[in-house]
There are 2 protein chains.
Amino acid sequence: MRILHRQQIENLLSIPDMLEAVEQGFAAFSRGEAIVPPVVALQFDNPIGDCHIKYGYLKKGKYYVVKIASGFPDNPQIGLPAGNGLMLLFDKNTGAPAAILLDEGYLTDMRTAAGGAIAAKHLAPKNVSCIGIVGTGAQAYYQLKLLSFATQCRQVLIWGRNSSKAALLKNHPDFSDWKIQTTNSLEHLTANCNLIVTTTSSHSPLLFARQIQPGTHITAVGADDAGKQELDSELIARADQVIVDSRSQCLRFGNVSHAIKEKKIFPEKIRELGEVVIDSALGRTSDSQITIADLTGIAVQDLQIATTVFEKAIGNCGFV
Amino acid sequence: MRILHRQQIENLLSIPDMLEAVEQGFAAFSRGEAIVPPVVALQFDNPIGDCHIKYGYLKKGKYYVVKIASGFPDNPQIGLPAGNGLMLLFDKNTGAPAAILLDEGYLTDMRTAAGGAIAAKHLAPKNVSCIGIVGTGAQAYYQLKLLSFATQCRQVLIWGRNSSKAALLKNHPDFSDWKIQTTNSLEHLTANCNLIVTTTSSHSPLLFARQIQPGTHITAVGADDAGKQELDSELIARADQVIVDSRSQCLRFGNVSHAIKEKKIFPEKIRELGEVVIDSALGRTSDSQITIADLTGIAVQDLQIATTVFEKAIGNCGFV
């Protein structure tokens, strides 16, 4: 059994290989080739926190994954990151532990950003004029980083409530040759960007139907739990294509769940990202459409990213 | 974060400390001081196998536990044990991983046997004339080993379908100063033993009401999943005391669930082992009673045994 620490994992992860694996994971999921039971969780008081356990496998795969991720919002007060996590891979033929990936949440951040890049690949308009990033946390950084694999555009507008965090992201050395500006106006962002990613933990809508220009694609990754919402239900209703990662999960939470509860859209309108990966005709069909990808995160992403890292580790063991 | 391997774990585990911790865990559970959501599982075909995830914490405790245990019955054909498992402890205040216990199922075996020893401590008759062990697998060994902490009796009858496995257990060096006999007759065992532990994976009853002598205590640990059953429902109905580890779980599976479905007993008759730990007047009250403990396993046992090992490891780190 291999135990991999964060720095090793960062060094081992091939982003193109991972994007390919996660994309194929979405497709397998939508073909019904994945076993992904509902997420389970523990909630804590005093201090407040939560722990989510995602687990599953591909019927044709070699491994099953168990991912344990925690969020303790008071951690930064004692100098710790709010999020933490690890992934375990087990041999699907014997149950033997194959790898423990002590990634501290890095792989969750990356596989979530991979969802954004894959959605952009299939749903963004041909010519992205400017990328809009809503939010300034870690996921804003990762989304931007992986979008570079899905679009040539290097022009970015960042919106955030915290201007110093927005400035930190704008000045991150990874983006030194990008043209990044910050704004405190969502109207300004929506008027100028046709590929928008929302990455906040907002509990009320930030983007509304009246703001969005024709030809815009929006990926929303923040509403990953009950009660969270970044996109107004009228905006979901107005979109020409509404894509989710998991139909069953997005009926329970995420932006689309609100729109369905408010009867702004019917479940029949929703398609899965994996269906679009399999048949691109189900995605964007014109440059004037508004498309939305509402991604709540599925264990297949965890499985695929963990497998990518582990197989690189065992294939290159002389160098690790 | 500490990573502990099986041999280290075996060396670190203090059985008396663990029995005390698990006993207090049962009590805390029955006082409503534990958060233990229902077990979740993955099932596999080709080869057949399963993986169970148990997780939880004590409200006043330091850690939360996630236990991942697998069973792949074809493993022995390729020289691997059927069962495997590991436990993870996380800091309940921050979510940070505290320890990974790569125990390969050893701690599950031990905490299950601890349940048997704790049940025997509170429910066995004062004078145990002979211990009856039904089954010859690993759990039969562990039950016998830990019963030595709960009774002075060293006289044992072992029943099993596989006489060579029964002989192996009888001749195990750990029991060299015990008086152990094997039998292929359950009638012989029930006629001679007044502390019986059933440890099989049977799907149909092995012990029946007509066989059991007054003054006998029976602990059943084999029926840990849907469909399994070791004790006939009439026997459950005849018992003076029916004790379970978790009332809610034992309504879903275990021997008692069958008796309830068949309306042989009412749920009101059932008490929890933790209630008996708290108030011994709820346990055996005379030497002629028949008592039954139906133990399906709860995450609090995993939490307590993992915590016992980990705290020994950090307290004695100079010696590990």
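**A friendly note on a two-chain predicted model**

1. Nine residues of domain 1 of chain A are in contact with ten residues of domain 2 of chain A; contact here requires C-beta atoms, placed from the backbone, within 7 Å of each other. Helix 2 (residues 15-30) of chain A gives the most to the domain 1 side, with eight residues. That side divides into six nonpolar, two polar and one charged residues. Nonpolar covers Ala, Val, Leu, Ile, Met, Phe, Trp, Tyr, Cys and Pro, charged covers Asp, Glu, Lys and Arg, and the others, Gly among them, are polar.

2. Before going on, some ground rules: this is a predicted model, where local features need pLDDT of at least 70, side-chain atom pairs count only at pLDDT 80 or more, and totals for chains, interfaces and linings use all residues. Residues are numbered from 1 along each chain as its sequence is written, while chains are lettered from A and ligands numbered from 1 in the order in which they are written.

3. How confident is the predictor? Chain A averages a pLDDT of 95, and 98% of the residues score at least 70; pLDDT is the predictor's confidence in each residue, from 0 to 100. For the complex, the predictor gives an ipTM of 0.90 and a pTM of 0.91.

4. Back to the domains. Domain 1 of chain A takes in 2-107 + 300-319, and domain 2 takes in 125-297; such bounds come from an automatic or database domain assignment. The centres of the two domains, taken over C-alpha atoms, are separated by 24 Å.

5. Now look at helix 4 (residues 138-147) of chain A. Eight of its ten residues are buried, so helix 4 is largely enclosed by the rest of the structure. A residue is buried if 20 or more other C-beta atoms (placed from the backbone) lie within 10 Å of its own, exposed if 12 or fewer, and partly exposed in between. Among the buried ones are A:Tyr141, A:Tyr142 and A:Leu144. The buried residues pack against several elements of chain A, including helix 2, helix 3 (106-123) and strand 9 (155-159). Helices (H or I, at least four residues) and strands (E, at least two) are DSSP runs, numbered from the N terminus.

6. How are the two chains related? A rotation of 180° with 0.0 Å of shift along its axis superposes chain A on chain B, with an RMSD of 0.0 Å. That is the relation of a two-fold axis. Of the residues of chain A, A:Val40 comes closest to the axis, at 4.1 Å (C-alpha).

7. The chains meet through 32 residues from chain A and 32 residues from chain B. On the chain A side, elements giving two or more residues include strand 3 (40-44) and strand 4 (49-58). By class, that side has 23 nonpolar, eight polar and one charged residues. Since 100% of the interface residues of chain A are also interface residues in chain B, the copies meet through the same surface.

8. Finally, compare two residues of helix 11 (residues 299-315): A:Ile314 lies in the chain A helix, and B:Phe310 in the chain B helix. Buried or exposed? A:Ile314 counts as exposed because it has 11 C-beta neighbours inside 10 Å, whereas B:Phe310, with 23, counts as buried. Not counting residues up to four places away in sequence, B:Phe310 touches B:Arg2, B:Leu89, B:Ala98 and B:Ala99.

Terms used
Copies are superposed by least squares on the C-alpha atoms of residues with pLDDT of at least 70 in both. Two residues are in contact if their C-beta atoms, placed from the backbone, lie within 7 Å.
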